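I am opening a notebook on a structure that is new to me. My entries follow the order in which I looked things up.

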Amino acid sequence: MDDAAPILLFDSGVGGLSILRALKASAPGAPIVYAADFAGLPYGEKTEAEIAARVPALLGRLVERYRPRLVAIACNTASTIALPPVRAALDIPVVGTVPAVKPAAERTRSGVIGLIGTAATIRQPYVDNLLERYGKGATLIRVAAPELVEAAERKLRGQTNDPALFAAVIERLLAHSEARGMDVVVLACTHFPLLIEELAEAAPPDLALIDGAEGIARRILHLCETDFAGVAPTRDLFVSTGPDAQAEAYAQALADYGLTRFESL
C-alpha cells in the first residue's frame, strides 16, 4: 500500500482527538483524515438502530472518497454498536474503541471500578461481555454523563465550562451504594479524556481516571505495519457533516492537533 494512504479516524464530534493525540505521540508522520459527524452528534442519545444504520453508510462514503489504509472508529458508542456491520462492509482493517475495562481490572486493588460513558454505551451487552471476560470478579458501577460530551465540544470551541458540572458527575458516581473503595474510573467515551484535568480536579486524589487511547493507538500502528518514519509531512485533513460554520468554530483547536485542511462530506 502507498505510504501516503491515510488513517481514517471517525467520531460523532471531536472526541476522537484523544485517539489522534496518542497516535501522533507514537507516529508523528502518520497521515490522517479525521471525520466528524456533527450532523449526527450526539450519538449517545440515538437508538441502536439509528447508529447501526448511520455509521456504516457514512464510513462507506468516506472510504470510497479517501481510500484509507485503515479505519478507526474513535467513538465508544459507535464501536459497541456498529463495529460488526462496519467490518463486514469494508475490506480494510477496522479498529474499534471500547471501554478500558481490562486495564481497569488489572489496576484496581479494591475490586470496585467506575465507568462513565454515554447512555447508549453503558447499556450495551458489549460492556457486560468485557466485564465477564476481563473483570476478574470486579464490581462495575456505570454512570451516564452525556453532558460531558457537550462539555468537551465547548472546550474545543474555546468556551468555558462550569466546574460544578464535573463535580456533579463525580458525585453521582461516588454516591452509588456499591461505590465504597472505588479506586479506578474508566472514561468510556473518547470525548472524556479531553476533560481529564477538569475531572481530576473534581475527583478524590486516590481515584485514578483511565482511558484506552494509548492501547488503541498501538493497535492501529500494529495493523498499519509501519511507523510512518519515512513519510513526508502532510497537512492532515478534517472532514465533517453539517454546516461548514460548525467546523470553523473548532479551527484553532484542530490546528493544535495538526488538522489544518477542511472539507465537507
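**Entry 1: a helix pair**

I began with helix α7, residues 147-156, and helix α8, residues 163-174. This is a predicted model, and I read every value with that in mind. I looked up how the two helices pack. Their angle is about 150°, and their axes lie 11 Å apart. Angles over 145 degrees count as roughly antiparallel, so α7 is roughly antiparallel to α8. I also noted the hand of the crossing of α7 and α8: left-handed.

Next I asked which residues of α7 meet α8. From α7 I listed E147, L148, A151 and R154. Sorted by class, the contact of α7 with α8 has 5 nonpolar residues, 3 charged ones and no polar ones.

**Entry 2: the cores**

I turned to the largest nonpolar core, and I wrote down 60 residues for it. Which residues have the most contacts inside it? I found I7, L9, L17, I32, I116, L148 and I220.

I then followed I220. I left aside its neighbours within four places in sequence. What remained in contact with I220 was I7, L9, I19, L23, L70, A72 and V95. There is also a second, separate core of 25 residues. Among its members I noted Y43, I51, L83 and L237.

I reminded myself of the background: most residues other than glycine have a negative phi, and most peptide bonds are trans. I searched for exceptions.

I looked at the peptide bond from L41 to P42. This bond is cis, with omega near 0°. Where is P42 found? I placed P42 in the loop between β2 (32-36) and α2 (48-66).

R67 came next. Its phi is near 50°, a positive value in a residue other than glycine. I found R67 in the loop between α2 and β3 (70-73). Is R67 buried or exposed? Exposed means over 50% relative accessible area. R67 has 58% relative accessibility, so I counted R67 as exposed.

My last stop was E225. Its phi is near 60°, again positive in a residue other than glycine. E225 lies in the loop between α10 and β9 (236-240). With a relative accessible area of 73%, E225 is exposed.

Key. Residues numbered from 1 in each chain as written. Predicted model: local features only at pLDDT ≥ 70, side-chain atom pairs only at ≥ 80, totals over all residues. Heavy atoms only, no water. Axes fitted to C-alpha atoms, helices over the stretch in contact; angles between N-to-C directions. Helix = DSSP H or I, 4+ residues; strand = E, 2+ residues; numbered from the N terminus. Parallel < 35°, antiparallel > 145°, perpendicular 65-115°, else oblique. Left-handed = near helix turned anticlockwise from the far one by under 90°. Contact = heavy atoms within 4.5 Å. Nonpolar A, V, L, I, M, F, W, Y, C, P; charged D, E, K, R; others polar. Core = buried A, V, L, I, M, F, W, Y, C linked by side-chain atoms within 4.5 Å. Buried < 20%, exposed > 50% of the residue type's maximum accessible area, 1.4 Å probe, protein only.
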